[in-house]
Amino acid sequence: MKLSEIKEVLKTVDAVNFELPNGNFVPEYFHVTEVGLITKNFIDCGGTVRKETVVNFQLWDANDYEHRLKPQKLIHIIELSEKVLGIEDHEIEVEYQDTTIGKYDLDFNGKNFILLNKQTACLAQEQCGIPSDKSKVKLSQLNADIASSCAPGSGCC
C-alpha cells in the first residue's frame, strides 16, 4: 500500500486497526511513534547496485490503555511528515514489536489494515545459478504428443 492509498482509506474509516498475520490485532491503544523515510542502498549478489525507498510507520504498544489514534490524527501525522521530511508517495512498511521487531507490508481488507509478512528473495537469480521455475508436464500427455507428432507421414523423421 502506498502513502496516498492509506490517506484515502483513512478518510473512510471510523477507527484505525492493524491486524497481524496470525489474526491477532495490535492493541487498540497503540501509538504511531515514527513516520519516516527509509532508503536502502545496496548491491545484490549479482553485482547490481540497487536502491529501495519506503515510508516507515512504527507502531508502539505503550500500555496507555485510554489512547485511541483517530483516522484524522494519523492523516495529520502523515501530512506533517510529508511536509517536513519531503516524503513522496512510496510503499509503506510497518514496524511493530511483537516477540521481536517485525517489518510488514501493508494492505487493507475493507475494515482493517492488514500487516503482511515480508519475504526475502534473491534479486539476481540468474547470476547465482538458481534454476528458473520449470513448467510441469504430465508424462501421459507428453507420450500422447510424441505419438501424434511422429506418426507416419508427419515429417518428424
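Predicted model: local features only at pLDDT ≥ 70, side-chain atom pairs only at ≥ 80, totals over all residues.
User: Hey, in which sense do strand 3 and strand 4 pair, and over how many bridges?
Analyst: They pair in the parallel sense, over five bridges. Strands here are DSSP runs of E with at least two residues, helices are runs of H or I with at least four, and both are numbered from the N terminus. Two strands pair if DSSP finds at least two bridges between them. As an example, valine 55 stands opposite isoleucine 92 in strand 4.

User: How does the chain get from strand 3 to strand 4?
Analyst: It passes through helix 2, and this β-α-β crossover is right-handed. That word means that, with the strands pointing away from the viewer, the path from the first strand over the helix to the second runs clockwise.

User: OK, big picture. How many helices and strands are there?
Analyst: The protein has four helices and six strands. Along the sequence, the pattern goes α-β-β-β-α-β-β-β-α-α.

User: And in what order do the strands sit in the sheet?
Analyst: The order is 1-6-5-4-3-2, in an open sheet of six strands with mixed pairing. Strand 1 (18–19) and strand 2 (31–43) are at the edges with a single partner strand each, so one side of each has no neighbour in the sheet.

User: Who's the partner of strand 1, then?
Analyst: Strand 6 (residues 113–117), in the parallel sense over two bridges. Glutamate 19 has isoleucine 114 as its bridge partner there.

User: And what about strand 2 and strand 3, how do they pair?
Analyst: In the antiparallel sense, over 12 bridges. Glycine 36, for instance, has asparagine 56 in strand 3 as its bridge partner. The two strands form a hairpin with five residues between them, and glycine 47 in the turn has a positive phi of about 95°.

User: Where does helix 2 lie?
Analyst: Helix 2 (residues 71–85) lies across strand 2 and strand 3 (49–60), at about 40° to strand 2. For that angle, axes are lines fitted to C-alpha atoms, for helices over the stretch in contact, and angles run from 0 to 180 degrees between N-to-C directions.

User: Is strand 4 mostly buried or exposed?
Analyst: Five of its six residues are buried, so strand 4 is largely enclosed by the rest of the structure. Buried means under 20% relative accessible area, exposed means over 50%, and partly exposed is in between (1.4 Å probe, protein chains only). For the protein, 29% of the 157 residues count as buried.

User: What does strand 4 do on the strand 5 side?
Analyst: Strand 4 (residues 92–97) runs antiparallel to strand 5 (residues 101–108), joined by five bridges. They form a hairpin with three residues between them. Glutamine 97 stands opposite isoleucine 101, and glutamate 93 has aspartate 105 as its bridge partner.

User: Switching topic: which residues does valine 54 touch?
Analyst: Leaving out residues up to four places away in sequence, valine 54 touches Gly36, Leu37, Ile38, His90, Glu91 and Glu93. A contact means heavy atoms within 4.5 Å. Valine 54 lies in strand 3 and counts as buried, at 17% relative accessibility.

User: How many aromatic pairs are there?
Analyst: The count comes to four aromatic pairs. Rings of Phe, Tyr and Trp (its six-membered ring) pair if their centres lie within 6.5 Å; planes under 30 degrees apart count as stacked, over 60 as edge-to-face, and the rest as tilted. Tyrosine 29 and tyrosine 65 form an edge-to-face pair, 4.8 Å centre to centre with 70° between the planes.

User: Where in the chain are those two?
Analyst: Tyrosine 29 is in the loop between strand 1 and strand 2, and tyrosine 65 is in the loop between strand 3 and helix 2, 36 residues apart. Tyrosine 29 is buried at 16% relative accessible area, whereas tyrosine 65 is partly exposed at 48%.

User: Which residues form the aromatic cluster?
Analyst: Phe18, Phe30, Phe108 and Phe113 form one cluster.

Conventions
Residues numbered from 1 in each chain as written. Heavy atoms only, no water.
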